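Thank you all for coming; I would like to walk you through one structure this morning, starting with a term that we shall need along the way. Please have a look at the sequence and the model as I bring them up.

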Amino acid sequence: MTPDRAQLIRLMDGSLDDATARRLRSRLEHDIDLRAEWNRLQAMQSMLQSHTASFEDGFSRRVMQRLRPAPGADESLAEALQWLFVRVEVAALALIVLLAVYNVTAMNDAVAASSFLEALFGLPGTTLENVLLFAAL
Amino acid sequence: MPLPSDADLVARARDGDHAAFQRLVERYADQVADVVIGMLGAGPEADDVGQETFIRLYEALDQFRGEASVGTYLTRIAINRALKASRRRTAWYRRFLPSAEAPEPASDGRGDYEAQERSELVRRVLQQIDEKHRTVVVLRILEGYSTRETAALLDIPEGTVMSRLSRALDKLEPLLAPFLTADEMQVE
């Protein structure tokens with residue numbers, strides 16, 4: 001880098017001290033080569049500064065989506081268990097009703113239950129006869 | 001109603017206000033785009049680096065004390081992320097496409113440039129200089145940081161900024177010359 005070029009860049013930068021800047025500006029008025037160099041630098045700077053850029057539409061929305069926390073492991077497990085429970089619950093209720101109906105209709109004939117609740121659960125009546133019967137089995 | 005200051009938005013975002021953070025993103029998206037797209041060219045990679053820049057800011061909100069402006073803080077993150085992406089890309093090209101050449105400028109002759117075309121041209125030309133020179137041009141000329149600020153952002157001496165800038169302009173001159181009109185060369 002020539003000293004002139006370095007000074008011209010500093011002039012563009014605004015970082016030359018006042019006295020040096022004044023001297024350089026004075027030279028620019030008379031030195032054709034220096035002036036051509038200055039014009040080239042200015043033109044390049046102007047061209048480069050014409051650069052404007054922006055992201056595709058929806059950039060801020062994409063950033064915010066990435067910031068939304070992904071469900072943690074615990075949360076995922078809870079959701080999976082909830083999904084499983086709803087399905088098992090329906091099947092289990094159906095099975096309970098089926099068994100209760102079976103107990104009430106079938107077991108009442110075999111072993112007399114002392115109450116409807118015992119019949120519902122298929123429990124034999126708590127009589128000495130029933131105890132002996134089950135002991136014999 | 002006055003616009004909320006950056007400090008207000010940062011404080012609200014720190015308290016979990018996502019809308020406040022989104023306003024910060026909207027406020028600084030173009031500035032980050034200038035840096036990232038200037039370094040990497042437009043495309044999904046630049047978009048991704050832009051998003052990472054803001055995510056990094058979000059993660060660091062608790063540590064952000066406002067010693068630098070939000071814009072400068074984001075520029076520092078953006079330039080570092082863009083440099084990493086640029087190095088990854090270079091390594092990839094070297095490994096898989098060792099004979100690949102740098103892309104050429106959009107046009108080889110002078111034309112009637114609209115702003116968008118000029119921006120695209122500048123991006124393509126910038127891709128033809130190496131990253132350490134490109135970084136200085138992006139910060140010093142595209143973003144308008146002074147030599148001192150650029151040196152601070154890159155953590156290098158001011159003299160190094162000057163020499164890299166001069167070297168960059170040497171390289172850019174023949175690439176840009178066909179696109180500069182005689183009138184532009186007479187700029188005062």
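A residue is called buried when its relative accessible area is under 20%, exposed when it is over 50%, and partly exposed in between, using a 1.4 Å probe and the protein chains only. What you see is a predicted model, in which local features need pLDDT of at least 70 and side-chain atom pairs count only at pLDDT 80 or more, while totals for chains, interfaces and linings use all residues. Residues are numbered from 1 along each chain as its sequence is written, chains are lettered from A in the order in which they are written, and side-chain values use heavy atoms, with hydrogens and water left out.

Let me begin with the interface. In contact, meaning heavy atoms within 4.5 Å, are 49 residues of chain B and 34 residues of chain A. The two chains bury about 4,000 Å² between them, 64% of it on carbon and sulfur atoms, where buried area is the accessible area (1.4 Å probe) that two parts lose on being put together, summed over both. Of the area that chain B buries against chain A, 14% comes from Gln51(B), Ile141(B) and Met162(B), more than from any other three residues.

Now to the charges: which residue forms a salt bridge with Glu173(B)? By salt bridge I mean a side-chain nitrogen of Lys or Arg within 4 Å of a carboxyl oxygen of Asp or Glu, and the partner here is Arg40(A), with the closest N and O atoms 2.7 Å apart. Arg40(A) lies in helix α3 (residues 32–49) of chain A and Glu173(B) in helix α8 of chain B, so this pair joins two chains; helices are DSSP runs of H or I, at least four residues long, numbered from the N terminus. Arg40(A) itself is partly exposed, at a relative accessible area of 27%. Another salt bridge links Arg140(B) to Asp13(A), again with 2.7 Å between the closest N and O atoms, and the rule finds 5 salt bridges across this interface.

Within chain B, Lys171(B) forms a salt bridge with Asp130(B), the closest N and O atoms being 3.0 Å apart. Lys171(B) belongs to helix α8 and Asp130(B) to the loop between α5 and α6, so the pair ties together parts that are 41 residues apart in sequence. Lys171(B) is partly exposed, with a relative accessible area of 32%.
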